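Please read them with the model open.

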Amino acid sequence: MRLIKIALFLILTLTIQTKVSAETWDEPWQKEIIKSADYFVLAKVLSNIDSIGTEIEILKYFGNQKLEGKILINGFSLLNMTSSSGHGTHLDFEKDQIIYFLLTKRKDGNYAIPTPTSGFAVLDEDKNVYATYRHSYHQALVPQVIYEKTYTEIWNYYKTSEFNRENVLQLINENIDKDPAGFDENEISTFFLQHATLETAYLLDISIGLERLKKFVESDNFHSRVSALQLLSNLNNEETKDYLFDFVNNEQNENFEKVIAIWSLSKIGGKKYKEKLLGIVENQSDEETGFGGNIMDPRVGTHFPSPKGAIEKLK
């Protein structure tokens, strides 16, 4: 049943991509989306008409940003187009879908989502959420109760600078303490929870010790490696900085993960490690890996640098 759900999710994603593939854009990261949003709500889709927009009915709002009743989504707040055929972009929701939205208030009094493929999380009939914690390219299927537990605190943190640490710390710790999970049917649920909790810890600026995260960085799971390397940017000590530098300097590591490590080290390393990175820049690959995926995916315009480009930007 779980594999069927994942397959249906992939089909849904491809359906959205096919309908808007004539246009491409640079998809924002989830952290930017959360920071820029005015409201976080759970809503029911009432109608979706190309020339008008998507009408939704608010079922629940989160935090102090109150929003109720029926509203219209008729635009995009973070849409940075990289190519266009002139066909335009469209909202593509179905009547009666139950969806979490991150919304921005528009000047016309209506509302916007960031792009046609971000700023929303669909709730399925089994009370599971197709959730984005890092980037819409990298989603996880998590129970509704887990999604609301984590996202309530994430939302509160970015809107009030405060959150209930104890409400999420037990969940984070119990999943991080498990061995890194893979994509097999008996592991996929654990993998999704580990992805969600590692990313939640990163978004909440929670520090997790290097020794606890090494097993994820050194695992054979791409997503776990990325989450853990990103999370190390919350841990400001010399051992972590040296570990990240050695990771970047190791030619056996993949370009995508190297860029994440460069970003993490640049956040906590200061002048000393900036200079160390610049000292190895010529040894780094200039090949941009990117997010991969289908060439027809409209998010193909999303920029992701090479390791060399990421270091050169530090200049």
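1. Start with Lys127. This residue sits in the loop between strand E8 (120-123) and strand E9 (128-135). Lys127 is not a glycine, yet its phi is positive, about 65 degrees. Bear in mind throughout that this is a predicted model.

2. Asp96 also deserves a look at the backbone. Its phi is positive, about 80 degrees, and Asp96 is not a glycine either. The residue belongs to the loop between strand E5 (81-83) and strand E6 (98-105).

3. Lys44 has 30% relative accessibility, so it counts as partly exposed.

4. Next, a pair with a different setting. Which residue does the side chain of Arg134 meet in a salt bridge? The partner is Glu199, at 3.0 Å from N to O. Here too the link joins distant parts of the chain: Arg134 is in strand E9, Glu199 in helix H5 (residues 188-203), and 65 residues separate them. Both Arg134 and Glu199 are buried.

5. Lys241 and Glu238 make a local pair. Their side chains meet in a salt bridge of 3.4 Å, N to O. Both residues lie in helix H8 (residues 238-249). They are three residues apart, which is about one turn of the helix. Lys241 counts as buried because its relative accessibility is 9%, under the 20% limit. Glu238, at 39%, counts as partly exposed. Elsewhere, salt bridges that share partners join Lys44, Lys95 and Asp96 into one network.

6. How many salt bridges does a search of the whole structure find? The count is 13.

7. Now helix packing. The axes of helix H4 (residues 165-176) and helix H6 (residues 210-217) come within 11 Å of each other, crossing at roughly 55 degrees. That angle makes H4 oblique to H6. On the H4 side, the contact involves Asn173, Asn175 and Ile176. On the H6 side, Arg212, Lys215 and Phe216 take part. The residues of this contact of H4 with H6 comprise two nonpolar, two polar and two charged.

8. Finally, the whole protein. The secondary structure comes to 11 helices and 10 strands. Along its principal axes, the C-alpha trace spans about 55 × 45 × 40 Å.

9. Of the 315 residues, 51% count as buried. Among contacts with a separation of 6 or more, 66% come from residues 24 or more positions apart.

Definitions and conventions
Residues numbered from 1 in each chain as written. Predicted model: local features only at pLDDT ≥ 70, side-chain atom pairs only at ≥ 80, totals over all residues. Heavy atoms only, no water. Axes fitted to C-alpha atoms, helices over the stretch in contact; angles between N-to-C directions. Helix = DSSP H or I, 4+ residues; strand = E, 2+ residues; numbered from the N terminus. Parallel < 35°, antiparallel > 145°, perpendicular 65-115°, else oblique. Contact = heavy atoms within 4.5 Å. Nonpolar A, V, L, I, M, F, W, Y, C, P; charged D, E, K, R; others polar. Salt bridge = Lys/Arg side-chain N within 4 Å of Asp/Glu carboxyl O. Buried < 20%, exposed > 50% of the residue type's maximum accessible area, 1.4 Å probe, protein only.
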